[in-house]
Amino acid sequence: MNKTISAVIIEDEEEALNYLSSILEKHFNEIEIIGTSGSIKSAIKLLDENSPELVFMDIELIDGDSFAVLDAAKNHNFEVIFISAHNDYIEKAIGYYAFNFLTKPIDIDRFKKVINRYIELRNRLYTKQKYVLFKEFLSESRLLINTGNEHVSIETDEIIQCEADGNYTLFTTSKKEKYLASKSLKYYEGLLSEKGFFRANRSTLINIKHIQSIYKKESIVLSNKEKVIVSVRNKSKLSELIKQLA
C-alpha cells in the first residue's frame, strides 16, 4: 500500500494556511501537500485535476462557502476534514460525510489525534477505495442533530417525520423518541430530501419508508398512525411519488 497521503488545503487566510501547513510538515511526514486554494472556483479545479486523498477545508471562503466546492467537484474520492471558526456548520458538515470537524484556533493535540485516527483506519482497511466505501456505509444511514445540550446521532431509517417548530425542528422516530433540534425544517430538508424524505406541507417533512397509506392523494398515514395533510402546492409531487412507489 502507498503510505503517502496526498492532501490539499482549501483556506483563504494566508496565516491559517501557513500554520496548518507547518503542523502537517512537522508532525506528519506521510502527508504530502499537493496544492492549496483560497476560492471556490480554484478549489474545484484543484480537486478535479489532482485527485487528492485528503482535503483540509475552511468553510467560509472569500467568494462563498466551501460546500459549493463539494457540490460542484467531479471528483469525490477523498475525505474532508473541515476546519472552521464557526461550529454552527457542524451538522451540515456531517451531512456532507466529513471525516471530522475541527474549530479554529486549531488545538494541535486534537488535530494530531484526528489525523492519527484517519491513518489508523486507512491502514486497517488496506486501500483508499475500501476506506471510502466503509466510511460511506457508516455515514449514509445516520444524521447528527444538535439538541442544544448535545449532538444526537440517529438512524435516518428510524425518523418518521420532522415538524417545524418555529426556528426549530421536532424529530419523531419509530422508537417513540422525540428530539427538538436547533435548526429549521428547511435546513433539514436540504440534508434529507435525497434520502427518501418528502415535504408534505409547509411544516412537515416525512420519511417515505414510514408511509402506511395514502388517502385520495390528500393525506398520508404514517407508521405511527399519525395523519399528515398534503398541501395543495405539493399534491403534484405526491402524485409523482405514488407513481414511483406503485
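Predicted model: local features only at pLDDT ≥ 70, side-chain atom pairs only at ≥ 80, totals over all residues.
Residues are numbered from 1 along each chain as its sequence is written, and side-chain values use heavy atoms, with hydrogens and water left out.

Let's begin with the whole chain. Its secondary structure comes to eight helices and 17 strands; these are DSSP runs, with helices being H or I of at least four residues and strands E of at least two, numbered from the N terminus. The C-alpha trace spans about 65 × 35 × 35 Å along its principal axes. Of the 246 residues, 45% are buried, meaning under 20% relative accessible area, while exposed is over 50% and partly exposed lies in between, using a 1.4 Å probe and protein chains only.

Now for the loops. Where do we find a cis peptide bond? From lysine 104 to proline 105, with omega near -5°. Proline 105 sits in the loop between β7 (100–103) and α5 (108–124).

Next come two lysines with positive phi. Lysine 176 has phi near 65° and belongs to the loop between β11 (168–173) and β12 (178–181). Lysine 176 is exposed, at a relative accessible area of 79%. For lysine 225, phi is near 75°, and the residue lies in the loop between β16 (219–222) and β17 (227–229). Is lysine 225 buried or exposed? Exposed, with a relative accessible area of 59%.
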